[in-house]
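Please open the structure in a viewer and follow the stops below in turn.

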Amino acid sequence: MKKTFKTGKPYIWLSGGTLTISLLMIFGLIALIMIKGLGIFWPHNITRLMLNDNSIVLGEIAKTEPIPNHKDSYRTKLKVGNRDIFGMDFRWVDNSRIISQDSPTTALTIERREWGNMYGFLKGMKHDNTIKPMNLSDLKPLLKDSNILYKSIRHIEKKEIGKINHKMEKLRLALKSLENEPQSDNTIKRIGTINTKVEALEKIYTEKVDTLTNLYASTKDKEVVIELADGRKETLSVFQIVRIYDPNRMSIYAKSRFYVLKFWEFVSAEPREANTEGGVFPAIFGTVIMVLIMSLVVTPLGVITAVFLREYTSDNIFSRIVRISVNNLAGIPSIVFGVFGLGFFIYFIGGGIDKLFYSDALPTPTFGTGGILWASLTLALLTVPVVVVATEEGLSSVPNSLKEASYGLGATKFETLWRITLPQATPGILTGMILAMARAAGEVAPLMITGVVKLAPSLPLDSYSPFIHLERKFMHLGFHIYDVGFQSPNVEAALPMVYTTTLILIFTVLVLNLVAIIARNKLRKKYISSAL
Amino acid sequence: MPEVSLTKEKAFLNLPSKVSQDLNTKHMNNIIIKNLSLMYGKKQVLKNINKEIEEKKITAIIGPSGCGKSSLLRCINRMNELIPDSRVDGEILFHNKNIYAGDTDVTEIRRKIGMVFQKANPFPKSIFDNVAYGLRINGIKDKKKISTTVETTLQDCGLLKEVKDRLHTPAMELSGGQQQRLCIARALAIEPEIILMDEPCSALDPSSTFKIEELMMKLKKRYTVIIVTHNMQQAARASDITGFLYMGELIEYGDTNALFTNPKEKLTENYISGNFG
């Protein structure tokens, strides 16, 4: 027995075993998230149930489970949609009440811009007071036109009117600052020019609003009539339809194509319907930009601290205090960082910046409120100890012989540091950056206080100068998960989306880390130790 | 005496361009060690060394392990200061100025007194960048000048033929002997006056050792060389003057032939004949 332990074999098995368990747990978690989340895009078949009280229900079967406290009885959860009509997206039906069920080939799933899905049969197009019969293939081109119309309306609303608003805001601020100055001929002239510009802009604005009104009016002229499960006929404007499809008739190939399209919409489009439908693109964008800004801040800060601790200071009481403080930062709960960010960055520094540079806009705060800059800085503070420790490791791995060679040639300490030590320590620094990014991408609590919102009107990066707007609030995948899962009005319907968003978050962090890991591996090959 | 051919932003020791025949300045380029003592913490490593090292000669320092040979060498270009807790008493005069005085610029000293270490330590850069490193940190930016200096130095070290077509490949890919010659080239590129060599061949095979000894003989014409070695045959072969160091004290010092054939001290004789150390 003792002999077996001496060979070390049991320990090899033990380490292998624990590694396998860890890997299985990770993959199991990801598989669970994938199963629960990726199913959301698959176009499920529509089932029609005939109940024993002669009512008919139409919808997607969500799940079947045994009724609690009643053994051997089951009930089915059906997604019946039509939230504006029925009040709820889902409905439970006892299996004992079902007489028969079928999958009608003409049943349609209609994704709407508001109020979620509708399930029913297409009766036709409303024409005066009659119904002109129509089938799905005739409707599709109309739908395409309607989508183009929607895009142009959004373009006018967001881009064109947004531009006008942007210009108006700048003129308003200029006017306000001019009015605060002592009045002279010059200022009066300038006020006059600004007023003329404002008038011109207002004219363009009214024109755009008129165009919009016309466009909106034109959306109402095409309506279709949908027959629901219970025979009711509902009128639906074509403009309200995002997508319409007949899942019972679609082949696997068609369904797969549909799946890919829906997935692409998820990652590239904006959210609708209080974040429960549509895409998560602004959240992905906000997360990535925030992590990048945070990395840009934390890397110099951490590297300089580590260089100071290792190269420039001797082992005295001051350096020990610094080191202990840095290590303790790692243990502070992240919400405390959020509160610090609020008090110091937002109120103190942000308020100061507002008073100095943006006093015209007051009392509306520009930097004195949450924004992507303050959120990134708060997270940078959170992850500084990781970078410091990793950089110190990297610095200590630089062999003394190289430094001596550099000093021997007459280099100063700084030159040696800059040309020899830091390049050699770069893989260690990158490791620190990778760990910092991974930690920061997952922290949500400090962000909620320092600048993340449920729905941001614009991205932090856009085409108006100065192109990156550090004072804007942003969306974040982690917060989005919380919001969709626990704060949305329709949690049942949105739950699969929680899983999908989690997947996207994991994937985004993975991509960010992969980029850094590849960079580090390339550098490692370059700085291998001496060949002797 | 090498021309002062490098310019630098900082002021440096002004050197005459020709060897002066004046008796007063005859020994100006020698290194004069006066009452040098070195302590690492509480341990005294060097005790009261007094010596004058002649220019344009190869001086060898021999002695058993741990006697302070490398420490003595490192005192001459103030590399001992990199070790915490080290303290130096006494003076080392270079061009009649104490290099340990408060107002001397240590990087200037190290530029004039180059060093080659026991284990070759090329930078993880290309061969070209290794040799050019010293030139670049001394403010030389002219690409053509750097290029010519690198090639000339590599030629002097006998390395150019072997690496001519791969100057921009990593230096780490060279063999041990080539790396050591590269390190010598790197030290020579900035045209020092004195070259300190700390057991340069101890990690090399005999043929590389032979090449480096040949190089040393060539260098003697232009530079002063001080070499620390374990290898008595090498000291006997290659050096003009030998010093025997034992337990931090300089026991005997003089012409190599005289020291090896007719040592004055008993300790020296014991060491040379292999009775200890």
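**A glutamine in a helix**

Begin with the side chain of Gln180(B): one of its polar atoms lies 2.8 Å from the backbone oxygen of Pro200(B). This is a predicted model. Gln180(B) belongs to helix H6 of chain B, which covers residues 176–188. Is Gln180(B) buried or exposed? Its relative accessibility is 2%, so Gln180(B) counts as buried. Next, display the residues in contact with Gln180(B); beyond its neighbours within four places in sequence, they include Val116(B), Phe117(B), Leu204(B) and Ile212(B).

**The sheet**

Now select the four strands of chain B that form an open, antiparallel sheet in the order E2-E1-E4-E5. Strands E2 (43–53) and E5 (97–98) of chain B stand at the edges; each has a single partner strand, so one side of each is left without a neighbour in the sheet. Helix H1 of chain B, residues 69–76, packs on the sheet and touches E1, E2 and E4 of chain B. The direction of H1 makes about 120° with that of E1(B). Strands E1 (residues 31–40) and E4 (residues 86–94) of chain B pair over eight bridges, and Ile31(B) has Phe94(B) as its bridge partner in E4(B).

**The cysteines**

Finally, select Cys75(B), which is buried at 0% relative accessibility. Which cysteine sulfur is closest to that of Cys75(B)? It is the sulfur of Cys67(B), 13 Å away and therefore too far for a bond. Cys157(B) is also buried, with a relative accessible area of 4%; its closest cysteine sulfur, in Cys183(B), is 10 Å away, too far for a bond. Over all chains, the count of disulfides is zero.

Conventions: Residues are numbered from 1 along each chain as its sequence is written. Chains are lettered from A and ligands numbered from 1 in the order in which they are written. This is a predicted model: local features need pLDDT of at least 70, side-chain atom pairs count only at pLDDT 80 or more; totals for chains, interfaces and linings use all residues. Side-chain values use heavy atoms; hydrogens and water are left out. Two strands pair if DSSP finds at least two bridges between them. Helices (H or I, at least four residues) and strands (E, at least two) are DSSP runs, numbered from the N terminus. Contact means heavy atoms within 4.5 Å. Axes are lines fitted to C-alpha atoms, for helices over the stretch in contact, and angles run from 0 to 180 degrees between N-to-C directions. Buried means under 20% relative accessible area, exposed over 50%, partly exposed in between (1.4 Å probe, protein chains only). A polar contact is a pair of N or O atoms within 3.5 Å; within protein, one must be able to donate a hydrogen and the other to accept it, and residues adjacent in sequence count only if both atoms are side-chain atoms. A disulfide is a pair of cysteine sulfur atoms within 2.5 Å.
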